[in-house]
Amino acid sequence: MKYIKSILIILALGLAACSDNDKNEVPVETPAAEVKTLNVDIVLPADIQKQWQNTIDWAIANITKAQQMDDKRVELNLRYHDEDTENLNELAYKLTHPDEGEDSCHAIIGPYYSDHATAFLSYAAQTRLPVVMPTCTSAELQRINARNTYAWFLTESDITQCEIMFSAIKTMKGNNVVLLYSDDNYGKSFFDWFNFLATENGLNILGSGARAFKEGDDLYDFFTEVSTAAEGEIVTVCLALSNPSDYLEVSYQIDEFLSDPPEDIDPQFSLFCSDKALSEEVVYSDEMLSFIGVSPVASMNSGFSQVYRQRYSRLPLSGEAQLYDALCLIALGGIHQMCSPDKCLVYGKQVVYSSRPFEPGLTDYMRSVVASYSQEVDQWNAEGLARAFRALTTGGSTAYFGATGDLTFDEVTSTKVLNTNYMVWMTDYNYFGDDFNKKVIPICYLSTSGTGNSASTTTIWERTKSYEQSFETDIEAGNDLPDVSDHWAVVISPSTTWGNYRHQADAFAMYQTLRQHGYDDEHIVLIVEDNLADSPNNKDYPGQIFVERSDDAIIHDDLVNLDVRKGAKVDYHFSALTREDVADIMLGRQSDRLPEVIHPTANSDVFFFWSGHGGSAQGPLWGNEDANTYFGTERISSIVSEMNEAGMYRRMMFAIETCFSGKWGEALTGQPNVLVLTAANPRETSKADVHDRELGVYLSNAYARTFRKYVNQNNQITLRDLYIELAKTTNGSHVSIYNERNYGSVYTNTMADYFPR
């Protein structure tokens, strides 16, 4: 796991490298300069634009001042749009497809909310128009756009903020945690990572753990549940809400609950809020309880916050430092494009494209600036910007040190920032004046590396987990089993939409793995909708389905570049079956409508694979993510009980790849000679893993990919060794084994029971 280190609060204002002294003499402007105007459309809520206007004006003033002596200059023409009132889809199309005679948009800054970014990024893809997002921190949004060179993320994803939050809670000796989150893209990042990171930090998740909140929800029962579970101890309520007014409503409900709690309950709550709480609406409100918060901020080494406070008599709000850097990067990219139209180097290589538009665009020249090998580090202030502009106008390069820090970007696109500094702060409601600085008290500054050189948006998927399941070594169950005579498998994916491509693809890939290890079609029942290969969305690879693609990979056992649909015998389309039909298939109840069933005996090993969505109540869903029906924990337990009583298996293994799949592990605990291996525990979501830019979907999940890889390499791999590999590579959830006491030692039993050759 990455170590999160504290950075001491720096209050000194005399940082020589960061000075922005307005007393400096302004050089005399030279005449007849060649000026390039860039139209920059800023998409923000009106209240956020108002709060950020100081930063906008300051950045434009410094950009102008920095170029006064240059004979080639760039000018930013800012055009504002209200994110809360505009039709954003129409606006995104208009900015990227201007009518004849209209001034083209050269760059977009915004939007403020992650939920609104998709339309802008979709249309911008056609022209590679840079969309520079100071505050879009949705983990899913950033992952999907990981290889898009026009998508600029100036703050790490909220995976990092969530990690910072739990590290701070642990440091402050917190123990019990719950989460209230917005049911949108912003809240989803916190929901997806809450249980995983709380477990990694050794925190106790109370009651149902996480609950979505929307305006008007009554939280009385939720507070009663967690207070009862806490047994008088303090509960840290983590709030990850996208709307500032929601913080006020939740705070009001907590205050009401504390004033009149249920009988025999002694509730104690502390509040820990995410970055959206650092707003004047929340901080100045008399209705908000005192709380601790975390927010991405400027690097303390840059001096931006100190000079800002000196100029404007308050701390900058979340996103202001990122907005400042966005304006500067667009201006620097513009002058680079103007002065070096034939020289656009990213990490020393000329940018070229094989599709329209063929030539490098503004986003590429911005990438060239941040990916420069220059040893000259230019600061964000007017003097530093002047050096940077001068270097670029003479055909040189510059390394820009921004308000947010050293601006290290990823090496794939050079548009995703790899380090963000966070301020942990608290509110002081002993102070009743209007001084923002006295109401917001910094506690410390944190980053994921202490130096700002590590990257949550990328390395989080390769992290080493601290939590690992332990197993007993003296289990003797299963030692008196008869010899195995045959093998049967049931493979199910209940997903039917193109967006859920990975679930059916993983089911087909598991089918291919079973065939590779000796199964024939008579011993596999494959249940998928089978609507991907011939989907209109699959126009580039009609008839084919992949779980992993690579331009330079050779074909080998882990199915890279192989069509996993080829030769597969689909027994049932999912939509043609009911949950009761699955029971009949498992129990061998053949009929005219269900001709394909399994016929295991007491000498048979049975393998069951399920890939789809799951819910927090009972795990696997019967359908897509919006399905309102669970397959049912009692139902699967009943099926296995009937199979056991009828002598229909020697051993049985369930491999379940869904969110909250541990619910089935719990439900099947106690069944003799049954092992359950899940992609997530009962509280966690399971994360998609392999995203394909060309197809626009995730192709596979890490759990299924690793499972196939290690079974294909060695079918004699022990259950524990397979677990270790799955635990290491399945990121964002904790792979779990259930019922080993009723199955046999995971140290001696191998996967050869289900993959015999």
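Lys 188 is partly exposed, with a relative accessible area of 37%, where partly exposed lies between buried (under 20% relative accessible area) and exposed (over 50%), for a 1.4 Å probe and protein chains only. The model is predicted, and local features need pLDDT of at least 70, side-chain atom pairs count only at pLDDT 80 or more, and totals for chains, interfaces and linings use all residues. Residues are numbered from 1 along each chain as its sequence is written, and side-chain values use heavy atoms, with hydrogens and water left out.

The side chain of Lys 188 meets that of Asp 192 in a salt bridge, at 2.6 Å from N to O; a salt bridge is defined as a side-chain nitrogen of Lys or Arg within 4 Å of a carboxyl oxygen of Asp or Glu. Both residues belong to helix H6 (residues 185-200), and because they are four residues apart, about one helical turn separates them. Helices (H or I, at least four residues) and strands (E, at least two) are DSSP runs, numbered from the N terminus. Asp 192 is buried, at a relative accessible area of 11%.

Across the whole structure, 22 salt bridges are found. In one of them, Lys 214 and Asp 217 have their closest N and O atoms 3.4 Å apart. Lys 214 is exposed, with 54% relative accessibility, whereas Asp 217 is buried at 15%. Another salt bridge is formed by Arg 650 and Asp 605, with a closest N to O distance of 3.0 Å. This pair links distant parts of the chain: Arg 650 lies in the loop between helix H18 (633-645) and strand E23 (651-657), and Asp 605 lies in strand E20 (residues 604-611), 45 residues apart. Arg 650 and Asp 605 are both buried. Through salt bridges with shared partners, Asp 605, Arg 650, Arg 651 and Asp 753 are joined into one network.

Helix H6 also takes part in a right-handed β-α-β unit, together with strands E7 and E8. A crossover is called right-handed if, with the strands pointing away from the viewer, the path from the first strand over the helix to the second runs clockwise. Strands E7 (residues 176-182) and E8 (residues 204-213) run parallel and are joined by six bridges; two strands pair if DSSP finds at least two bridges between them. Leu 179 stands opposite Ala 210 in E8.

Strand E2 (residues 34-44) runs parallel to strand E3 (residues 72-82), and 11 bridges join the two. Asn 39 has Asn 77 in E3 as its bridge partner. The chain passes from E2 through helix H1 (residues 46-66) to E3 in a right-handed β-α-β crossover. E2 is also joined by three bridges to strand E4 (residues 107-109), and these strands run parallel. Here Ile 42 stands opposite Ile 109 in E4.

The search of the whole structure finds zero disulfides, a disulfide being a pair of cysteine sulfur atoms within 2.5 Å. Cys 238 is in no disulfide, and the nearest cysteine sulfur, that of Cys 162, is 7.6 Å away. Cys 238 is buried, at a relative accessible area of 1%. Cys 339 is also buried, at 17% relative accessibility. The closest cysteine sulfur to that of Cys 339 belongs to Cys 344 and is 13 Å away, too far for a bond.
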